[in-house]
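Let's take a walk through this protein, one piece at a time. Have the sequence and the 3D view ready.

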Amino acid sequence: MPGYWLAVVRRLALPALATGAVCAAALAAALVLGDGTSWSGAAPQALAAGAVGALALVAVLSTSTVVSAARTARRYGLTLGPDAVALPSVREVRIPAIEGRTAFQLTDSVRHVVEKDPVLRLDEITAFGHGILDFTLRGPSDTTVFVQVRVTTGPKETTTVVEARPAATYKRLDAGACWAVARVVEERVAQALRAETADGGAAR
């Protein structure tokens, strides 16, 4: 969890500095124009107020984000780490090639697993085809998460890439929602592919 908290603080640093700079400039202008204070006299007070504002913003937002992310991690039985901050959250599953299975068949198997899984809370499938599966989920705290699954088959290996991002494109922090969803979808993909491997072995 400390690693996640530090990653959140780093993510918030620039927005907080920008907010602090705006507050400092506004206060300096108010002191100069309203009270007749000189710029040199107003600067220290304005900079101090801006720094306090920036620190307060980071403290409040990072604390609330970490608390929400810890709750999300507990809900899904995961261990919170700094990788939970990254957006989009990307996971990968690699297995030996499954004889007699096309990318479409494997993608269809993943789709069936996702549709039946009560934990994932599927909202809508937006794209489905040869090695392509896109859908939205209702993630933690009813956050809408957009998930892309890409299945690539080769002569020796099958690779599946899971990418989860907030449906709201403006979000830069999601309290670990996409990370948790990506981890669960990764497990379901591995489950579907293991079942296909077992079926392929039985067919031979």
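Which residue stands opposite Thr160 in S5? Val151 does. Before going on, a word on what you're looking at: this is a predicted model, where local features need pLDDT of at least 70, side-chain atom pairs count only at pLDDT 80 or more, and totals for chains, interfaces and linings use all residues. Residues are numbered from 1 along each chain as its sequence is written, and side-chain values use heavy atoms, with hydrogens and water left out.

Strand S5 covers residues 157-166. Helices (H or I, at least four residues) and strands (E, at least two) are DSSP runs, numbered from the N terminus. On one side, S5 pairs with S4 in the antiparallel sense over nine bridges, and a hairpin of three residues connects S4 to S5. Two strands count as paired if DSSP finds at least two bridges between them. S5 also pairs with S1, again antiparallel, over eight bridges. Along that pairing, Arg94 sits opposite Thr159, and Pro96 has Glu157 as its bridge partner. Seven of the ten residues of S5 are buried (under 20% relative accessible area, with a 1.4 Å probe and protein chains only), so this strand is largely enclosed by the rest of the structure.

Now zoom out to the whole sheet. Five strands make an open, antiparallel sheet in the order S1-S5-S4-S3-S2. Strand S1 (89-96) and strand S2 (122-129) are at the edges with a single partner strand each, so one side of each has no neighbour in the sheet. From one strand to the next, the twist averages 15°. Helix H3 (residues 103-116) packs on this sheet and touches S2, S3 (132-138), S4 (144-153) and S5, where contact means heavy atoms within 4.5 Å. The direction of H3 makes about 175° with that of S2; axes here are lines fitted to C-alpha atoms, for helices over the stretch in contact, and angles run from 0 to 180 degrees between N-to-C directions.

Finally, look for a gap inside. The structure holds one cavity of 30 Å³ or more; on a 1 Å grid over the protein atoms alone, a cavity is a set of points where a 1.4 Å probe fits but cannot get out, and lining residues have an atom within 4 Å of a point. Grid points are joined across faces, edges and corners, and the volume is the space filled by probe spheres set on the points. Residues lining the largest cavity include Tyr76, Leu137, Arg138 and Val181. S3 and helix H4 (177-203) are the elements that give two or more residues to this lining.

Terms used
On a 1 Å grid over the protein atoms alone, a cavity is a set of points where a 1.4 Å probe fits but cannot get out, and a pocket is an open set with protein on both sides within 12 Å along at least five of seven lines; lining residues have an atom within 4 Å of a point. Buried means under 20% relative accessible area, exposed over 50%, partly exposed in between (1.4 Å probe, protein chains only).
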